[in-house]
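Welcome, and thanks for taking a look. Please open the structure below and keep it at hand while you read.

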Amino acid sequence: MVVKVDVQSSLSSTGAPSRQMHDGILIVDYGSQYTHLIGRRIRELHVYSEIVPHTAVVQAIQERKPRGLILSGGPASVYDPGVPDIDPVVFDAGIPVLGICYGMHLIAHVLGGRVDRGDHQEYGPATVSHMGSEDLLARMPESFTVWMSHGDLVAVPPPGFRVLASTPNTSVAAMGDPERRLYGVQFHPEVTHTLRGKTVLRNFLFQICGCRPSWRMSTYIEESIAEIRALVAQDQAICAVSGGVDSTVAAALAYRALGEQLTCIFINNGLLRLNEADETTMALRSFLGPSLRCVDASERFLSRLAGVVDPEEKRRRIGETFIRVFEDEATTLGDVPWLVQGTLYPDVIESATGHQTAGKIKTHHNVGGLPEDLRFRLIEPLRYLFKDEVRQLGRELGVPESILQCQPFPGPGLAVRLLGEVTRGRLAVLRRADAIVREELEHSPIAHRLSQYFAVLTDQRSVGVMGDGRTYGSVIAIRAVSTTDFMTAEALVLPAQTQMRLATRLVNEVPEINRIVYDITSKPPATIEWE
Ligand code: XMP
């Protein structure tokens, strides 16, 4: 069953997209940590944008016909050997270009200016004064605060360019050649620390490139539907749906496009929370209708987990079982060439630029994480969207708010919140404890500050006393964190009353439990999940 994924269109997973952009901007990625933010800001201004690797820029211009190019920043220095480069033909294509930081250095270097290594790295806020600019810096105050993050700087702009702005440390903080519509800024207009950075981007998009602010989520829906239909034609497609935001919205969009040609598979792995399998299938059915197929594979998963205590091994077996179950289901459907996946924009950027977390921290097995050697061709209709845009899209497609606002729940489910062996009995204890923890915290005075909360069944037992008797029961840990990006998180202090209610309810309602502890660790050094 090994057929490589085909590249068919901008919705499919890899390679150069083939669709022309009507009013769009290509962002050329040179490895900046801020590249994805540029894309986001442009969408906020209702202009369509896509990120392309710097190696594919010439081909992308020919195929996509963008209104403008933005060259991102990046960690390299133009004088280092083998650094990311740009073909000078790009500057003769008649397309406006804005270089940001390293992108600006490249413009200067390639077009005959001079880039110097900075005497010292400039990192953080700086005050820029501008010399009057009718285009790029139009409507900007005479001086404004910007965010700098660079070592090298442009000492002499290329012929034809003039200096548009400077700071006390950077004589060329912005430069431009209005004739050729080529511009560079040393600062980062895409970060919020650059005050009114959006005005700079707005000037570039509307005044210089002539884009129209016509991009809307409804446009995205229409275009995606047309594209999915064109790709799939008369074929069948399949989609694994977990009830999480990404896979659900991808499924909803694909269902709009394909109707009966789509089968959505919801796999109950036996590791879901209390009543979750029923509630999720009911919610999914409300907008996926007859395309939804529910598979109860609990037995298969739990038997694969028997006797396993190592967290990585648990994750590995769950991931593998998921794929096997999914393949078996797909086989019963006959010839299904297409697989719909809810891959998001940040995932695409991460894999395109190789910005993956060094070292293996945890193996993640998601419905979005099916391996590429499955026999399907991929359709990834969310691959240009950020999480909040996906929620917006879901809303327009009628996905219930309970799904769009749900807390993240790991693919391996309760198995990673249950330390030691996964058994039906221990799962039942955890399910009841977790339901109580979620119910109490949902109604606690700090609920609005909590991003994720749940119970963990530890593999520790402790001695207690209940009535006149000694007990030797389970220890439950409570995790409740606040985070914006789930990369870092802090444990919040629970109000005393909430603590008391939790302690009382957990031991009274779940007899197997006789001790409750609270996890006060932040991430890092801990992770949010315990395994
Ligand atoms: P950690 O535990 O790594 O979790 O701090 C960060 C966020 O990711 C979620 N998580 C997962 N999500 N599949 C997922 O889809 C997984 O295997 C997985 N493991 C952790 C976790 O709940 C938290 O929100």
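Here is a short tour of sheets, a pocket and some backbone details.

This is a predicted model, in which local features need pLDDT of at least 70 and side-chain atom pairs count only at pLDDT 80 or more, while totals for chains, interfaces and linings use all residues. Residues are numbered from 1 along each chain as its sequence is written, and side-chain values use heavy atoms, with hydrogens and water left out. Helices (H or I, at least four residues) and strands (E, at least two) are DSSP runs, numbered from the N terminus.

**The five-stranded sheet**

- A further open sheet has 5 strands in the order E14-E13-E12-E15-E16, and here the pairing is parallel.
- Its edges are strand E14 (292–296) and strand E16 (377–379), each with a single partner strand, so one side of each is left without a neighbour in the sheet.
- The twist from one strand to the next averages 30 degrees.
- Strand E12 (residues 237–240) and strand E13 (residues 262–268) run parallel and are joined by 4 bridges, and Ala 237 has Leu 262 in E13 as its bridge partner.
- Helix H6 (residues 245–258) packs on this sheet and touches E12, E13 and strand E15 (338–340), its direction making about 155 degrees with that of E13; contact means heavy atoms within 4.5 Å.

**The second largest pocket**

- On a 1 Å grid over the protein atoms alone, a pocket is an open set of points where a 1.4 Å probe fits, with protein on both sides within 12 Å along at least five of seven lines; lining residues have an atom within 4 Å of a point.
- The second largest pocket holds about 350 Å³ of space, a volume being the space filled by probe spheres set on the points.
- Its lining has 21 residues, of which Gly 74, Pro 75, Ser 149, His 150 and Gly 151 lie nearest the centre.
- Helix H3 (102–110), strand E6 (122–130) and strand E7 (143–150) each supply at least two lining residues.
- By class, the lining has 6 nonpolar, 12 polar and 3 charged residues (Ala, Val, Leu, Ile, Met, Phe, Trp, Tyr, Cys and Pro count as nonpolar, Asp, Glu, Lys and Arg as charged, and the others, Gly among them, as polar).

**Backbone details**

- Most residues other than glycine have a negative phi, and most peptide bonds are trans.
- Lys 65, in the loop between helix H2 (57–64) and strand E3 (68–71), has a positive phi near 45 degrees.
- Arg 139, in the loop between E6 and E7, has a positive phi near 65 degrees.
- The peptide bond from Lys 523 to Pro 524 is cis, with omega near -20 degrees, and Pro 524 lies in the segment after strand E20 (513–518).
- Pro 524 and Pro 525 are also joined by a cis peptide bond, with omega about 10 degrees.

Terms used. Pairing = 2+ DSSP bridges. Axes fitted to C-alpha atoms, helices over the stretch in contact; angles between N-to-C directions.
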